[in-house]
Amino acid sequence: MTISLEPASPAHRLYLSELAIYLRESRQILAAWDAYSDQHSDPNTHQPYDEDAYGLRQLRRDADTLGAFGRLYYHADELVHVAEHQLTQLPAAARTRRYAWQVRELRDSTKGLYAVQHDWLTVRRALPARAQPGTQAFEEPLAESYAEAWHYLDQWAIHGQALFAINALAQKQPKASAPGSVTTTPVPKTAAAPSAARR
């Protein structure tokens with residue numbers, strides 16, 4: 001996959017705004033889940049009072065979070081790639097090292113999400129014709145796919161803010177560094193190929 005997203009371009013700003021929406025919505029979804037979990041679980045053992053109802057509500061949390069990420073899904077790897085490139089232009093510091101770690105977490109989570117989606121499509125193709133949406137044969141593997149994706153989505157909710165911080169720091173760099181960014185544009189495209197091959 002070729003990454004053509006340019007830092008500070010209209011597309012980059014759009015994708016960051018979509019990330020901001022996801023971060024807000026994912027916080028709301030998680031807060032609602034925490035409130036439900038607290039209300040419907042034993043305060044001492046943390047075991048749900050009704051495991052079936054609890055499982056259905058957890059499935060809704062997973063599905064809602066994935067739905068919120070949907071607008072960002074196809075651009076997540078591009079945002080991560082741009083942040084990695086921007087980090088190479090920033091002075092080394094404890095803060096940038098932390099950002100680099102967070103970006104690696106986001107890259108791993110993005111790969112995980114794409115792998116979960118690939119696995120679900122493989123499973124769905126193998127389902128019998130009678131396994132339609134709404135049937136147990138369809139909904140059970142779908143629920144498992146949602147559950148697998150949720151961890152990676154949660155990592156985006158935790159570390160996604162780093163992309164805004166990196167972008168803000170990169171925009172503050174002296175304009176004299178701009179020509180260097182132009183000459184290094186082919187490097188991100190080459191670097192993107194191995195990650196695509198590993199999927």
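Which residues of H5 are buried? In this predicted model, where local features need pLDDT of at least 70, side-chain atom pairs count only at pLDDT 80 or more, and totals for chains, interfaces and linings use all residues, the buried positions of H5 are Phe138, Pro141, Leu142, Ser145, Ala149, Trp150, Leu153, Asp154, Gln155, Trp156 and His159. Residues are numbered from 1 along each chain as its sequence is written, and side-chain values use heavy atoms, with hydrogens and water left out. Buried denotes under 20% relative accessible area, exposed over 50%, and partly exposed the range in between (1.4 Å probe, protein chains only).

The protein chain contains eight helices and zero strands, helices being DSSP runs of H or I with at least four residues and strands runs of E with at least two, numbered from the N terminus. Of its 199 residues, 38% count as buried, and the chain exposes about 11,400 Å², of which carbon and sulfur atoms supply 56%; accessible areas come from the Shrake-Rupley method with a 1.4 Å probe, and for residues only the protein chains shown count as cover. Among contacts (heavy atoms within 4.5 Å) between residues at least 6 apart in sequence, 78% join residues at least 24 apart.

Helix H5 has 24 residues and reaches 35 Å from its first C-alpha to its last, close to the 34 Å expected at 1.5 Å a residue, the expected span being 1.5 Å times one less than the number of residues. H5 bends by about 30° at Trp150, where the bend is the angle between axes fitted to the seven residues ending there and the seven starting there. The buried residues of H5 pack against H1, H2, H3, H4 and H6.

Pro141, which lies in helix H5, counts as buried because its relative accessibility is 18%. Not counting residues up to four places away in sequence, Pro141 touches Trp120, Val123, Leu127 and Gln136; the C-alpha atoms of Pro141 and Trp120 are 7.8 Å apart, although the two are 21 residues apart in sequence.

The structure holds eight aromatic pairs, defined by rings of Phe, Tyr and Trp (its six-membered ring) with centres within 6.5 Å, planes under 30 degrees apart counting as stacked, over 60 as edge-to-face and the rest as tilted. The ring centres of Tyr22 and Phe69 are 5.0 Å apart and their planes lie at 80°, so this pair is edge-to-face. The pair links distant parts of the chain, with Tyr22 in helix H1 and Phe69 in helix H2, 47 residues apart, and both residues are buried. Tyr22, Phe69 and Trp156 form one aromatic cluster. Tyr73 and Tyr74 also form an edge-to-face pair, at 4.9 Å centre to centre and 85° between the planes; Tyr73 counts as buried at 13% relative accessibility, whereas Tyr74 is exposed, with a relative accessible area of 58%.
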